[in-house]
Amino acid sequence: SAYLYVVATPIGHLEDISPRAIQILREVSLIAAEDTRHATRLMDAYHITTALTACHEHNENHKISEIIYKIKQGQSVALISDAGTPLISDPGFKLVRAAHEENIRVIPVPGACAAIAALSAAGLPSDRFSFEGFLPAKSHARQQKLQALKAATQTLIFYEAPHRILDCAQDMHDIFGADRSVTMAREITKTFETIKKTTFAELVEWVKNDPNQQKGEIVLVVAGAPDTGEQDQQKVDELLKRLLQDLP
Ligand code: SAM
């Protein structure tokens with residue numbers, strides 16, 4: 001029977017795609033891509049000749065019916081986005097939801113994701129994290145969102161556009177504090193890949209003074225706020241231990 005495959009594609013380096021992903025892209029009846037011109041580059045590189053259709057925010061509802069119909073007719077479809085894993089700050093959620101509603105099996109074909117690549121190299125705790133995607137473009141809304149995240153103790157992952165990185169770093173500096181640790185991961189897997197772990201005080205100066213840092217694709221990985229609950233508990237434990245020692 002036929003399936004919906006959700007296939008990750010590279011985030012820069014063309015070779016960051018699995019043999020299984022390439023095989024599936026070759027074998028399905030149709031590839032639903034966010035941007036067909038973009039997809040063509042990958043398909044040419046790997047000699048994939050499968051038919052392509054555009055599936056993006058603006059035609060999503062109409063495309064979904066078409067794709068679901070096709071799969072029900074017995075033809076498998078692969079969903080890809082311009083880069084990385086579909087649905088991660090990319091289109092595809094409505095299609096995947098529709099497939100579930102129609103009892104179509106959805107098969108993930110995992111691969112690159114900028115957020116996870118950045119986290120894996122950030123040097124910040126990775127046991128708990130939240131993916132925050134893109135912050136609002138307008139500064140008031142962005143600051144409100146950052147205020148709401150200020151006390152969160154898990155590591156925070158943000159995507160940011162290069163023309164907003166300085167404003168964003170400045171707002172984070174002001175709200176999270178100058179001393180909070182942050183790792184900027186820029187152009188991951190590409191020629192000018194830069195992974196820098198620093199503090200917001202230094203990040204703001206660095207990005208301000210080096211225009212190269214305001215170019216390309218960027219992930220910010222931000223340390224969580226200190227877990228005061230845990231710290232309090234540690235203090236209580238230590239105190240108890242000392243008191244117990246003094247007991248007869
Ligand atoms: N679906 C993609 C994924 O799995 O990572 C993300 C798509 S989102 C529209 C694009 C954003 O992801 C960029 O603005 C940037 O924040 C981040 N990104 C994508 N590729 C990147 C790379 N090579 N290096 C750093 N960040 C990247």
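Mentor: Let's start with confidence, then take the helix pairs and the ligand.

Trainee: Fine. What kind of model is this, and how are residues numbered?

Mentor: It is a predicted model; local features need pLDDT of at least 70, side-chain atom pairs count only at pLDDT 80 or more, and totals for chains, interfaces and linings use all residues. Residues are numbered from 1 along each chain as its sequence is written.

Trainee: What is the mean pLDDT of the chain?

Mentor: The mean is 95, and 99% of the residues reach 70 or more. pLDDT is the predictor's confidence in each residue, from 0 to 100.

Trainee: And what ipTM and pTM does the complex get?

Mentor: The predictor gives an ipTM of 0.99 and a pTM of 0.92.

Trainee: On to helices. At what angle do α6 and α7 cross?

Mentor: At roughly 40°, and their axes come within 10 Å. α6 covers residues 139–149 and α7 covers 165–176. Helices are DSSP runs (H or I, at least four residues) and strands likewise (E, at least two), numbered from the N terminus. Axes are lines fitted to C-alpha atoms, for helices over the stretch in contact, and angles run from 0 to 180 degrees between N-to-C directions.

Trainee: Which residues of α6 and α7 make the contact?

Mentor: From α6: Ser 139, Arg 142, Gln 143, Leu 146 and Gln 147. From α7: Asp 167, Cys 168, Asp 171, Met 172, Ile 175 and Phe 176. Contact here means C-beta atoms, placed from the backbone, within 7 Å.

Trainee: How do those divide by class?

Mentor: 5 nonpolar, 3 polar and 3 charged. Ala, Val, Leu, Ile, Met, Phe, Trp, Tyr, Cys and Pro count as nonpolar, Asp, Glu, Lys and Arg as charged, and the others, Gly among them, as polar.

Trainee: What about α7 and α8 (residues 200–209)?

Mentor: They pack at about 160°, with axes 9 Å apart. α7 and α8 are therefore roughly antiparallel. The cut-offs: under 35 degrees is roughly parallel, over 145 roughly antiparallel, 65 to 115 roughly perpendicular and the rest oblique.

Trainee: Which α7 residues meet α8?

Mentor: Among them are Ile 165, Met 172 and Phe 176, and the α8 side includes Phe 200 and Val 204.

Trainee: Switching to the ligand. How many residues surround it?

Mentor: 24, and the closest are Gly 84, Ala 114, Tyr 159, Ile 188 and Glu 217. The cut-off is a C-beta atom, placed from the backbone, within 6 Å.

Trainee: Which elements each supply at least two shell residues?

Mentor: α5 (114–121), β7 (155–160), β8 (181–186) and β10 (218–222). The shell divides into 12 nonpolar, 6 polar and 6 charged.

Notes: Contact = placed C-beta atoms within 7 Å.
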